[in-house]
Amino acid sequence: ATEIVKGTELNHGGTVEVAISLNGGVDFSKNNPSFEYKPVPIVQGLTPAHGSIYGGTRVRVVGYNFSKESVKSCLFWGRDVSVYYGNTETVPISTYVSSTEVVCTTPAWMKSQDVLILVIANEDIPSLGNSLHTRGQIYHYHEQIEIVSVHPESSKSTGNVTVEIFGGPFIANNADGFYCMFGDDIVPAKFVTTTQITCRTPTHAAGAYSIEVTQNGQDYTQYGRVFRFYHESIIHRIQPA
């Protein structure tokens with residue numbers, strides 16, 4: 001038997017007619033059924049584009065052909081191995097936003113490395129073959145950052161004091177940005193080296209608060225290191241003068 005598929009180009013999706021011939025393509029069946037091809041989901045961007053090996057980072061995935069009826073999962077593929085032999089993880093889509101955006105939560109990963117993130121439907125992973133590189137975008141897993149020391153460890157409550165945070169490892173050329181969190185207040189930070197960033201204290205009520213940092217706007221450290229804000233001393237009078 002010979003199967004002939006006629007209709008819309010498959011890579012763009014569409015409904016096609018399926019006809020069967022039993023004599024080498026001379027005569028075809030009548031009243032043929034239809035078959036619908038879904039367009040292939042293509043990932044064009046990730047925000048953030050990196051996160052901790054501990055996982056749990058919510059990644060905004062943008063692209064096109066994200067059909068609500070067909071796309072089900074995000075595939076995380078370690079690029080240094082074949083899809084036939086593991087180092088892949090498939091997680092359900094956390095939030096469907098639109099045909100051009102979904103949110104996926106990263107699984108934990110064994111080591112720091114680049115992986116490809118794809119949006120897939122009910123597909124057999126090995127069958128993806130060479131389309132992996134054209135359908136996905138790179139996401140970088142890195143070690144969980146840590147805070148080793150903070151200098152100074154206090155600031156006047158009016159803020160605007162430069163604080164140096166030592167620890168890391170921090171990523172250079174980080175498009176997702178660095179941030180410091182004093183209690184619940186978040187301020188931008190600047191990269192200095194892979195072991196140092198700096199930020200300026202915000203205006204804050206006096207007291208002791210935790211200071212934490214992130215390098216993707218989402219995964220903050222959880223060390224609970226104490227940072228103190230104090231009322232600035234003002235001398236009104238000296239006696240005896």
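Mentor: The largest cavity is lined by S52, H142, Q144, I145, T214, Q215, N216 and D219. This is a predicted model, in which local features need pLDDT of at least 70 and side-chain atom pairs count only at pLDDT 80 or more, while totals for chains, interfaces and linings use all residues. Residues are numbered from 1 along each chain as its sequence is written, and side-chain values use heavy atoms, with hydrogens and water left out.

A cavity is a set of points on a 1 Å grid where a 1.4 Å probe fits but cannot get out, and a lining residue has an atom within 4 Å of a point. The structure holds one cavity of 30 Å³ or more, and the volume of the largest is about 40 Å³, taken as the space filled by probe spheres set on the points. Its lining comprises one nonpolar, six polar and one charged residue.

The cysteines come next. Two disulfides (sulfur pairs within 2.5 Å) are found in a search of the whole structure. Counted along the chain, the bonded cysteines follow the pattern 1-2, 3-4.

Because C74 belongs to strand β7 (residues 73-78) and C104 to strand β10, the pair ties together parts that are 30 residues apart in sequence; a strand here is a DSSP run of E of at least two residues. Both C74 and C104 are buried, that is, under 20% relative accessible area.

The other disulfide joins C180 to C199, S to S 2.3 Å. Here the torsion is about -100°, so the disulfide is left-handed. C180 lies in strand β16 (residues 178-182) and C199 in strand β18 (residues 196-200), so parts that are 19 residues apart in sequence are tied together. C180 is buried at a relative accessible area of 0%, and C199 counts as buried at 3%.

Strand β10, which holds C104, also takes part in an open sheet of four strands with the order β4-β6-β10-β9 and antiparallel pairing; strands pair if DSSP finds at least two bridges between them. At the edges stand β4 (42-47) and β9 (95-98), each with a single partner strand, so one side of each is left without a neighbour in the sheet. Three bridges join β9 to the antiparallel β10 (residues 101-105), where E101 is the bridge partner of S98.

Notes
1 Å grid on protein atoms, 1.4 Å probe; cavity = no way out; pocket = protein on both sides within 12 Å on 5 of 7 lines; lining within 4 Å. Nonpolar A, V, L, I, M, F, W, Y, C, P; charged D, E, K, R; others polar. Buried < 20%, exposed > 50% of the residue type's maximum accessible area, 1.4 Å probe, protein only.
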